[in-house]
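Dear colleague,

My notes on it follow.

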Amino acid sequence: MRRILCYFFLLSGCAFATEEKPVSDNYQRNAWNKLTDEQVRVIEHAGTEYPGTGQFLNHHEDGVYTCARCRAPLFGSGTKFESGCGWPSFDDALPGAVLELKDPDGRRTEIRCARCDGHLGHVFRGEKMTAKNTRHCVNSVSLDFTSGVVEQAFFAGGCFWGVEHLLAELDGVLDVDSGFMGGTVNRPTYRQVITGATGHAETVRVTFDPRKISFENLAKMFFEIHDPTQVDRQGPDIGTQYRSAVFYATQQQKEVTEKLIGILTEKGLKIATEVTAASYYWPAEDYHQDYYVNTGKKPYCHMRVERF
């Protein structure tokens, strides 16, 4: 009987999504925004928009400027200032949101979105325009904008279907989607990730309003809807792609996660959850998004167990 049940769960697992829908190797993701031709030129090919023409150059609303491609929060409106350069300027980026790379011209420093590698513009220091002495010069077409406050968190706890489904139910969660993080291959497909060779973990990105739900409460729920003591597996799904991990976007998220792990450890649990800095986040294929909503099925290896 035990063998029959085990076989049933293995066949119903996330690893067998390909039995229900074909796996595509073409990297097209609805979890990323569809780009215009001009955005493709700038974001994907490191182009530059004409100065003085961008929609956010004279934009002064309160909120957060996000990546036009992946919607990751990049700059708070309070850091925007008038520089006279012809492009939106910010004297600071949100923690961990922007990567700095040496520009191919060998003189400037390029800035790119830390979540999707999209080109944003350049950063300049030493101009004494603000107290922070920094100017992030950003193309408007690389940006989007949302009023209010938004943050993002990244959780890996086995098959992303269940983690996404249960976290989406929380008040204050604005959006969830399933993808991959923590690997070495850019734009991986599900077919590649399930081999275990890319190093990615099935990861859920949670966009939330910190005024309604804290990262700590999100992380508590994460630790209660999966088994954080299992190593490189979750229930019937086995492999490093199913490992337990919190990919922290800020130092505060790291500290909160380590605090919660400490609490669970004191309760006698041997926690296997990795705590790693967030890196590129690659959305999974569209048929993985809202999987249980679209199929009417129920999570097969995720359920809440109160631990705090």
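**Charges and overall form**

The protein chain carries 34 positive and 40 negative side chains, and the centres of these two sets lie 3 Å apart. In this count Lys and Arg are positive and Asp and Glu negative, while His and the chain ends are not counted; the place of a charge is NZ of Lys, CZ of Arg, CG of Asp or CD of Glu.

This is a predicted model, in which local features need pLDDT of at least 70 and side-chain atom pairs count only at pLDDT 80 or more, whereas totals for chains, interfaces and linings use all residues. Residues are numbered from 1 along each chain as its sequence is written, and side-chain values use heavy atoms, with hydrogens and water left out.

The protein chain contains seven helices and 17 strands (DSSP runs numbered from the N terminus: helices are H or I of at least four residues, strands E of at least two). Its radius of gyration is 21 Å, close to the 19 Å that the globule rule gives for 308 residues, so the chain is as compact as a globular protein of that length (taken over C-alpha atoms; the rule is 2.2 Å times the number of residues to the power 0.38). Of the 308 residues, 51% are buried (under 20% relative accessible area, with a 1.4 Å probe and protein chains only). Among contacts (heavy atoms within 4.5 Å) between residues at least 6 apart in sequence, 71% join residues at least 24 apart.

Threonine 198 is located in the loop between α4 (190-193) and β12 (201-208), and is buried at a relative accessible area of 5%. Leaving aside neighbours within four places in sequence, threonine 198 is in contact with Gly183, Thr184, Val185, Gln192 and Val193. The side chain of threonine 198 also forms a polar contact of 2.7 Å with the side chain of histidine 200 (a pair of N or O atoms within 3.5 Å; within protein, one must be able to donate a hydrogen and the other to accept it, and residues adjacent in sequence count only if both atoms are side-chain atoms).

Arginine 243 occupies the loop between β14 (237-238) and β15 (244-248) and is likewise buried, at 9%. A polar atom of its side chain lies 2.9 Å from the backbone oxygen of glycine 199, and the arginine 243 side chain makes a polar contact of 3.3 Å with that of glutamate 274. Not counting residues up to four places away in sequence, the residues that arginine 243 touches include Met181, His200 and Asp232.

With kind regards

Definitions and conventions: Buried means under 20% relative accessible area, exposed over 50%, partly exposed in between (1.4 Å probe, protein chains only).
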